[in-house]
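Here's a quick briefing for anyone meeting this structure for the first time. Have a look at the model, then read on for the helices, the pocket and a few backbone details.

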Amino acid sequence: MSDYLFLIPVLPLMGAIVCGVLHALGGKNRNLAGPIATLAVFGAFAVSVLAFLELRDTGHALHGEYFTWISIGSLHIPFALTIDQLSGFMALIVTGVGLLIHIYSIGYMSHDEGKARFFAYLNLFIFAMSLLILGSSFVLLFVGWEGVGAMSYLLIGFWYDKDDGWPALAGQKAFIANRVGDLGFLIGMFLIFSHFGSLEFATIFADSANMATWTGGLAFGAALLLFLGATGKSAQIPLFVWLPDAMAGPTPVSALIHAATMVTAGVYMVARASFLFPPEALMVVAIVGGITALLAGTMAIFQRELKKVLAYSTVSQLGYMFLACGAGAFSAAIFHVGTHAFFKALLFLGAGSVIHGMHEEADCFKMGGLRRFMPVTFLTFLVGSLALAGFPFTAGFFSKDEILWMTVEGNTGMAWTLWIVGVITALLTAIYTFRLFTLVFLGKPRFDPEKVKPHESHWLMTAPLVILAVLALFG
């Protein structure tokens with residue numbers, strides 16, 4: 001399978017090109033964009049599954065080196081892709097959950113004139129995210145890192161002409177906030193290259209002589225600069241301000257960017273480069289993650305808009321992941337990346353189904369009693385809410401429980417303090433989750449039934465909800 005790994009990013013890239021041509025042609029040609037984009041991601045998912053199965057059977061990472069991309073002096077960067085336990089797991093999430101979101105989008109965007117352009121952007125996003133997770137060097141990772149940033153700008157601002165241009169401003173806010181973090185990431189890469197003479201992950205990891213001298217201010221400073229990049233991409237304090245406003249984009253964008261893929265890129269990067277983080281830097285990661293998780297949880301309680309509750313919840317759950325990374329529990333952090341992708345994508349897509357059925361109304365205080373009108377959305381949203389709150393024996397319960405356990409087992413002076421922060425955050429999560437669920441689905445309707453006629457969504461939108469609900473329970 002090593003010779004075919006390039007298909008994982010290339011198939012979505014080809015799909016994006018075709019969708020772009022269909023957009024240019026206009027007319028009924030645009031209706032083909034959704035199925036073509038979805039087939040492209042399905043192909044990438046199929047290759048990811050086959051590669052993961054081979055990895056499982058052989059126990060050896062798959063590595064494909066296709067050509068020399070950069071060769072300047074001592075800097076040699078091949079265009080090479082790797083699937084190991086970490087990138088293979090992420091590939092399944094990105095392409096698998098991405099596939100479900102593409103299917104959902106066919107129904108959600110069916111009446112939008114810009115649907116072909118939308119699917120071109122979605123495919124380009126999957127292409128960039130695939131490069132990010134499969135790249136065998138910091139440079140390829142950074143190319144994908146910047147690619148998802150550019151696509152998030154385009155997707156968040158997709159409806160740039162609505163609401164007095166607010167989506168366009170939200171896209172700009174996301175782009176600028178991420179550039180601040182990316183500057184830190186770049187400088188951190190420069191420091192790593194100056195010490196190791198390479199930016200290839202395998203080369204750096206195998207360089208025991210230079211790893212032995214990777215200590216002191218250099219290691220601490222470079223690790224913090226890398227983490228600064230992660231705070232931008234994964235919306236941690238102080239660069240979390242862009243993510244709640246990113247709800248201005250279409251709901252599938254929220255599910256793709258803010259649940260399963262882009263916002264978890266910072267967690268993935270820290271886990272991938274974990275051998276470069278000294279203990280004192282990991283302590284900073286844990287503290288920032290814990291504070292972010294707690295503060296974002298309090299913010300979620302006071303939101304009225306359906307998707308903004310979920311946005312602040314995402315910031316909080318990302319803080320949980322960094323709390324785990326800081327405690328050295330990288331496997332627990334990536335485990336939560338996976339379970340969070342399932343239940344948060346489910347909740348965002350469920351929110352989109354509710355807003356669609358309520359004729360674009362997003363204020364929770366103008367809903368109520370929707371369980372009678374949207375039974376499939378109601379049941380799947382309930383499953384997602386239970387998983388987010390960490391209800392026993394859901395997928396979210398096991399990943400959160402492992403994070404809390406590994407936090408208190410950490411060999412740091414703040415282990416119990418960080419554990420208490422995690423427990424309080426878990427309580428806050430249960431409060432705002434079921435506040436949201438109750439306002440939307442239970443009680444008496446708080447809308448005018450003469451003006452608003454709630455209805456269940458098309459099966460193309462509800463089928464992904466059912467699949468994600470199963471994964472949120474058993475994933």
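Before we get to helix pairs, a word on axes: they are lines fitted to C-alpha atoms, for helices over the stretch in contact, and angles run from 0 to 180 degrees between N-to-C directions. Helices (H or I, at least four residues) are DSSP runs, numbered from the N terminus. What you're looking at is a predicted model, where local features need pLDDT of at least 70, side-chain atom pairs count only at pLDDT 80 or more, and totals for chains, interfaces and linings use all residues. Residues are numbered from 1 along each chain as its sequence is written, and side-chain values use heavy atoms, with hydrogens and water left out.

**Helix pairs**

- The axes of α13 (residues 279-301) and α14 come within 7 Å and cross at roughly 160°.
- The crossing of α13 and α14 is left-handed, meaning the near helix is turned anticlockwise from the far one by less than a right angle.
- For α16 (residues 375-389) and α19 (residues 459-474), the axes come within 9 Å and cross at roughly 30°.
- So α16 and α19 are roughly parallel to each other, and their crossing is left-handed too.

**The largest pocket**

- There's about 590 Å³ of space in the largest pocket.
- A pocket here is an open set of points on a 1 Å grid over the protein atoms alone, where a 1.4 Å probe fits, with protein on both sides within 12 Å along at least five of seven lines; lining residues have an atom within 4 Å of a point.
- Its volume is the space filled by probe spheres set on the points, which are joined across faces, edges and corners.
- Of the 24 lining residues, Y108, W159, A248, G249 and E360 are the closest to the centre of the largest pocket.
- Two or more lining residues come from each of α6 (166-196), α10 (242-245), α14 (306-326) and α15 (330-357).

**Around α6**

- With 31 residues, α6 reaches 45 Å from its first C-alpha to its last, close to the 45 Å expected at 1.5 Å a residue (1.5 Å times one less than the number of residues).
- Just after α6, G197 takes a positive phi of about 70°.

**The loop between α9 and α10**

- P238 sits in the loop between α9 (216-233) and α10, and the peptide bond from I237 to P238 is cis, with omega near 5°.
- A235 lies in the loop between α9 and α10; it isn't a glycine, yet A235 has a positive phi of about 55°.

Key. Angles under 35 degrees count as roughly parallel, over 145 as roughly antiparallel, 65 to 115 as roughly perpendicular and the rest as oblique.
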